[in-house]
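Subject: Structure handover

Hello,

Here is the structure I promised to pass on. Please look it over first; my notes follow below.

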Amino acid sequence: MTTDLTTTASAPPDVVPIQRRTLRLLFSTQIIGGIGVTIGIAVGGLLAAEIAGTAVSGLVLSASVVGGALLAIPVTRIITRHGRRPGLAFAYGVGAVGGALVVLAAASGSIPLLFLGMLMFGGGSAANLQARYAAVDLAAPDRRARQLSLIVWATTVGAVAAPNFAALADRAGGGWGLPPLSGPFAFSTVAFLLAAGVLLLWLRPDPLLTARRFAAARTGPDPATEPAGTGAGTPVKLPTAPSAGRGAGLRAGWLVVRAQPAARLGVAAVAVGHLVMVAVMAMAPVHLRDHYPVEEVLPVVGLVLSLHIAGMYALAPLVGWLADRLGRRGVILGGVGMLLAACAVAGTAGHSTFRLAVGLVLLGLGWSATMVAGSTLLSESVPDAVRPHAQGLSDLLMGLAGALAGAVSGFVMEWAGYPVLSLLAAVAVAPLLALALRPVRPGVPEQEGRAQCG
């Protein structure tokens, strides 16, 4: 397996260096942003439990997910009108403000301020997730999944190491006079600001605006005709979408997704995979806290979450390669299988930290498969004119699904325990399984089977 930083020879010559530069820059900022997001998440549940209690901790964690989801609305508008660069930088900036507010909440013991800070902290996650779509803007059809997965994988470098630095960041924050468990959020603030600055300075030319110029030159101004990513590069007439201009909003994305079975499957895969991942992962640190002394729990949480995040990101390039070679639907079905296995293993782990870690690794792999294959399938199944709206809608639904999981998980954990939480998460996979197994109707453009490009 090799990483892929180039487009194919069939792409316009001017696109090749732009895409290569874009991927390298996104790769770098994903590392920085991954550190910022993960070092906060590693202690977010514990900090919330300390300030607000175990039951409410799930709601506090869900505030971050809700914040990332709601940011999809303004970020989508910015991206549609001005390009990826200002949209991504704006999301990171909001995340930086959120990290600072969480530190203030820890110092004051204010639950409302903690909720507000975690709500805005979701901007970091929103930027990290939206960056994957920037990798697809100029990608050749037969390498879309691989190049999207490369940006997902880049998060591994920072995200896997970040939880293990949580204890160090906490001690450093204590040396600066910060309250316990707030030091990691101070580090997150710095990381988000750095990522925003790098994007604003160097993500030029903007990949989305460049892709639009090439698309206009190739196909003319009609946004309703777009290659649908069937692998053969054949133009397919898609349902006419509303104008992508001012006021179209996410409604334009909803209309075109509703009309396309492939797009619906892509959105569902991303949302359900994220819902299950959040539900099972969010309460894992709280579950571990019940089995370890307070002074020992942070290193154990750091190790287990590092393994989970490695499952999410480390094999993403392989997942992307499989999605390009075998088809998006097959990889989505594989992800469904891993999510179900993860719920079974983690839910029956009991006092075994090793078994819980194995379950969370499987959980990460299932998330990776549904995220990479689902995001690619969605991106190639909608017209260029409304693609940012459809992508924003997908991230909004993904965030709301994760927020629901996070909000419910704390109460389920308190009242019924971790095994019941894992069982309910497995039940939530059933609708996605049914949709992925649904027969393909003739004439509907979907990415099925082996890619035919090249």
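This is a predicted model, in which local features need pLDDT of at least 70 and side-chain atom pairs count only at pLDDT 80 or more, while totals for chains, interfaces and linings use all residues. Residues are numbered from 1 along each chain as its sequence is written, and side-chain values use heavy atoms, with hydrogens and water left out.

Overall fold

The chain has 19 helices and 2 strands. Both are DSSP runs numbered from the N terminus: helices are H or I with at least four residues, strands are E with at least two. Of the 454 residues, 60% count as buried. Buried means under 20% relative accessible area, exposed over 50%, and partly exposed in between, with a 1.4 Å probe and protein chains only. Take contacts between residues at least 6 apart in sequence: 82% of them join residues at least 24 apart. A contact here is heavy atoms within 4.5 Å.

Salt bridges

The structure holds 7 salt bridges. The criterion is a side-chain nitrogen of Lys or Arg within 4 Å of a carboxyl oxygen of Asp or Glu.

Start with R132 and D395. Their closest N and O atoms are 3.0 Å apart. R132 sits in helix α5 (residues 111-134) and D395 in helix α17 (residues 387-415), so this pair ties together parts 263 residues apart in sequence. R132 counts as buried, at 2% relative accessibility. D395 is buried as well, at 6%.

Next, D324. It pairs with R146, the closest N and O atoms being 2.9 Å apart. D324 belongs to helix α14 (residues 316-326) and R146 to helix α6 (residues 144-161), so the bridge ties together parts 178 residues apart in sequence. D324 is buried, with a relative accessible area of 2%. R146 is partly exposed, at 22%.

D324 also forms a salt bridge with R328, with 2.8 Å between the closest N and O atoms. R328 is buried, at 0% relative accessible area. Shared partners join R144, R146, D324, R328 and E380 into one salt-bridge network.

Helix α18

Helix α18 covers residues 418-427, and its buried residues include Y418, L421, S422, A425 and A426. Seen down the helix axis, the buried residues of α18 fall within an arc of 140°, so they line one face. That arc is taken from the directions from the axis to the C-beta atoms. The face turned away from the buried side carries the exposed residues L423 and V427.

Cavities

There are 2 cavities of 30 Å³ or more. A cavity is a set of points, on a 1 Å grid over the protein atoms alone, where a 1.4 Å probe fits but cannot get out; lining residues have an atom within 4 Å of a point. The largest cavity has a volume of about 740 Å³. Volume is the space filled by probe spheres set on the points, with grid points joined across faces, edges and corners.

The largest cavity is lined by 45 residues, and V37, I41, S125, H274 and M277 lie nearest its centre. Several helices each supply at least two lining residues, among them α1 (15-52), α11 (261-282) and α16 (353-379). The largest share, 9 residues, comes from α5. The lining divides into 26 nonpolar, 17 polar and 2 charged residues. Ala, Val, Leu, Ile, Met, Phe, Trp, Tyr, Cys and Pro count as nonpolar, Asp, Glu, Lys and Arg as charged, and the others, Gly among them, as polar.

Best wishes

Technical notes: 1 Å grid on protein atoms, 1.4 Å probe; cavity = no way out; pocket = protein on both sides within 12 Å on 5 of 7 lines; lining within 4 Å.
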